[in-house]
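Thanks for making time this morning. Please have the sequence and the structure open while I talk.

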Amino acid sequence: MERKSAMLIIAVFAVCGVAVLFQEVASAPADDYPYRNVSLSWDVRVEDIVKRLTVEEMQMQMALGGPDGPAPAIPRLGIGAYQWGSECLRGDAQAPGFATAFPQALGLAATFDYDLIYRVAEAISVEVRGKHNDFVKEKNFVWHTSASCFSPLINIMRDARWGRNQETYGEDPYVAGSLATAYIKGLQGTHLRYVRASGCCKHMNVHGGPEDIPVSRFSFNAIVSEEDWRMTHLPAFKTCVDAGTLALMCSYNRINGVPACANKKLLTDIARNEWGFRGYFTSDEGAVENIILFHKYFNNSLDTAVACANAGCDIEIAAHLNVLPHPVYFSLVEAVKQGRVTEATLRERVRPLFYTRMRLGEFDPPEMNPYSKLTSAVVETPAHKALAVEAAMKSFVLLKNDGGLPVTGFGTIGVVGPFGNTTKIFGDYSPVIPDENKSTVLQALTPLASKVQFAEGCDEVNDKCATYDSQSVIKAVTNTDANFVILGTGIIYEAESFDRPDMELPGHQKQLLQDVLDHAGGKPTYLLLFNAGPLNISFAHQEPSVVAILECFFPAQAAAEAIRHVLLNDVPGAVPSGRLPFTWPLLASQLPPIVDYSMKRRTYRYFEGEPLYPFGYGLSYTTFEYSNLTHSQSITAGESLSLSFHLKNSGKMDADEVVQVYIGWRDTSLPAPKIQLARFTRVTIEAGQQVIVKLEVEAKIMGLWINDGWFIKPGSMDVFVGGQQPNQKRMAASNVLSSSFTITDMKYMGRY
């Protein structure tokens with residue numbers, strides 16, 4: 001077949017002495033390129049593209065992702081432009097137009113609900129793909145219009161003060177990996193051929209603060225032992241790879257002296273060789289540039305491009321810092337000329353990029369791909385709005401309840417606090433939603449009373465509660481039947497780029513709460529919190545007149561409806577069932593310095609002392625009873641442990657219970673955590689009903705990193721089954737069953 005040339009609009013740039021062609025308009029493809037042949041395998045088709053690319057074209061594909069993008073069209077091959085990277089953490093954030101705003105990730109983690117995370121990710125990807133399809137039709141390739149998501153964030157919440165805790169799935173590697181699996185599978189879809197939107201687990205690796213206190217994340221060097229690296233920071237990413245993610249993101253920091261995006265051990269030796277990862281590595285935005293500007297690891301783009309490309313970083317997402325004259329990867333052509341990077345390496349780098357685009361259906365007839373039919377009309381559908389409400393209700397964690405909840409209504413209530421009448425309860429990386437879909441806590445509480453007396457007390461958003469009006473607060477809580485105090489942090493205190501210096505309530509919020517307690521005449525006080533990192537509220541928990549404390553995280557657009565339902569328990573699923581996905585320390589003094597990457601004293605697995613609220617903790621309006629635990633008394637190393645037990649809702653309200661199974665190693669000489677969550681599930685049980693629950697603890701959760709590999713060691717193991725951790729000072733009303741089993745033999749599990 002004759003190939004007809006098309007008219008092109010071409011811009012010519014002199015980059016590192018190389019003439020680079022940036023094609024702005026792609027010509028119509030010729031039909032006889034093998035990569036267009038849908039009967040061929042993905043690998044054959046991808047290879048057909050990759051082998052045809054020039055070094056200059058490969059450089060441009062690797063250098064122009066993100067704000068400097070899109071990756072340009074290649075008209076001679078009939079390949080269009082493609083923008084890499086959308087933020088899809090809990091909705092299509094930062095993209096043009098509206099999208100459903102689901103609760104922030106930490107709140108979603110508090111649901112401990114695999115199915116819910118799957119459905120939320122599915123809804124997100126439907127909206128992302130629908131908008132992306134319209135963007136492509138409009139030839140709109142600006143940043144964040146992609147069908148390739150830079151989500152989820154699965155770093156471990158290792159320090160209460162880290163600014164990005166809200167974006168995580170909490171402190172446990174097993175939970176983070178399980179929920180990442182749900183997210184990736186929900187996002188990418190179940191079609192046997194096509195991916196709806198591609199996922200990317202970030203930030204790899206050993207990345208969990210600081211953002212800015214006491215040093216910048218851009219220059220921070222995380223010193224980590226091999227044991228902590230393998231047993232805490234890497235497992236969730238390995239699980240994400242097993243789930244089929246098409247991408248991973250390398251982080252800003254150095255790991256034991258080597259920048260993550262130039263770290264061959266991490267990107268190639270571990271991810272690709274040990275785990276079998278076949279997707280692409282993208283840099284975090286500016287992470288490659290930071291190797292020069294902040295880490296001072298190299299002092300020029302050529303050396304940096306060589307190191308990152310050879311280490312395994314496929315795309316540079318440049319940051320528009322206006323310091324370097326061009327993306328670092330614009331030095332790749334010169335690197336090949338000098339023999340420091342081979343053409344074969346560049347082809348290896350671009351191969352997963354085109355595989356991803358192939359799986360998204362870009363090179364197939366649109367009628368073959370059901371996802372190509374989606375449009376922006378799928379945004380904020382009634383089903384997605386209802387799902388946002390369900391997710392928010394399930395995310396709330398009831399920390400204290402001395403009979404105050406649920407409520408039936410009041411005569412007069414006081415509502416005070418900086419988060420009472422603001423829509424700024426979305427958290428970071430939130431989509432933009434229509435004004436009519438925004439809601440406030442005051443809107444949730446107003447229907448509960450005949451009269452509402454409101455006072456903000458201080459301006460959290462604009463003033464950080466630095467100026468406090470005590471008289472307005474005292475007036476609002478005088479002559480009331482009950483008072484609701486609405487406190488928290490918000491993105492001005494904890495978010496990407498800045499940490500909290502401590503765990504204290506910001507500004508004058510503690511004084512505000514104290515004024516309520518001093519002037520409300522002993523009337524019931526309800527404390528609602530909107531935050532991610534734990535706060536010092538021990539005085540409130542000890543105060544008798546504070547009858548209930550509800551952790552709401554950042555529930556986003558469904559806040560008002562979800563809060564009202566949970567307080568009233570007026571719809572199915574409204575009984576609080578969230579559980580803390582992190583340890584809530586009693587005091588900041590229980591925390592090591594944020595720059596210390598030893599896991600000693602961090603997370604429930606290694607914590608020392610008594611927390612205010614333990615990992616996995618959360619109250620309910622009902623009670624549960626566990627009984628009749630049965631399991632094998634002995635298993636061979638490498639076998640799973642099958643459990644069966646009875647679970648009864650012994651209260652008067654239908655509710656969900658989050659079942660938690662923990663294991664512990666009795667041999668204290670082993671490099672094992674004190675205890676490890678080994679399985680969880682959410683069960684809905686009617687009041688008075690009893691069900692039989694059967695679960696399996698997978699063999700790999702019993703593995704330990706010893707010397708240079710994963711081993712399951714013989715010996716005695718403890719197993720605990722309940723709705724919470726065992727042996728905690730503060731516990732919910734349900735019981736915890738305990739037993740033991742023996743592992744015989746030893747099994748080497750490899751270097752996965």
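Let's start in a loop. Find Asn205, which sits in the loop between β3 and β4, the latter being residues 221–222. Keep in mind that this is a predicted model.

Is Asn205 buried or exposed? Its relative accessibility is 0%, so Asn205 counts as buried. The cut-off for buried is under 20% relative accessible area.

What does Asn205 touch, once we leave aside its neighbours within four places in sequence? Its contacts include Leu234, Phe237, Ser251, Asn253 and Ile255. Trp229 and His233 are also among them. Those two deserve a second look. The side chains of Asn205 and Trp229 are joined by a polar contact of 2.7 Å. With His233, the Asn205 side chain reaches the backbone oxygen, at 2.9 Å.

Now a distance. Asn205 and Leu187 are 18 residues apart in sequence. In space, C-alpha to C-alpha, they are 22 Å apart.

Next, the sheet. Three strands form an open sheet, in the order β3-β5-β8, with parallel pairing. From one strand to the next, the twist averages 30 degrees.

Look at β3 with β5, residues 247–250. They pair in the parallel sense over two bridges. Met204 stands opposite Cys250 in β5.

On to salt bridges. The count comes to 38.

One joins Asp269 and Lys264, with the closest N and O atoms 2.9 Å apart. Asp269 has 26% relative accessibility, so it counts as partly exposed. Lys264 is partly exposed too, with a relative accessible area of 45%.

Another joins Asp314 and Arg349, at 3.0 Å between the closest N and O atoms. This pair links distant parts of the chain, 35 residues apart. Asp314 is in the loop between α10 (301–311) and α11 (332–337), while Arg349 is in helix α12, residues 343–359. Both Asp314 and Arg349 are buried.

Then there is Glu362 with Arg357, whose side chains meet at 2.7 Å, N to O. Glu362 is partly exposed, at 28% relative accessibility. Arg357 is at 1%, so it counts as buried.

Finally, a network. Salt bridges that share partners join Asp113, Asp115, Arg119, Glu390, Lys394, Asp656 and Arg682 into one network.

Notes:
Residues are numbered from 1 along each chain as its sequence is written. This is a predicted model: local features need pLDDT of at least 70, side-chain atom pairs count only at pLDDT 80 or more; totals for chains, interfaces and linings use all residues. Side-chain values use heavy atoms; hydrogens and water are left out. Two strands pair if DSSP finds at least two bridges between them. Helices (H or I, at least four residues) and strands (E, at least two) are DSSP runs, numbered from the N terminus. Axes are lines fitted to C-alpha atoms, for helices over the stretch in contact, and angles run from 0 to 180 degrees between N-to-C directions. Buried means under 20% relative accessible area, exposed over 50%, partly exposed in between (1.4 Å probe, protein chains only). Contact means heavy atoms within 4.5 Å. A polar contact is a pair of N or O atoms within 3.5 Å; within protein, one must be able to donate a hydrogen and the other to accept it, and residues adjacent in sequence count only if both atoms are side-chain atoms. A salt bridge is a side-chain nitrogen of Lys or Arg within 4 Å of a carboxyl oxygen of Asp or Glu.
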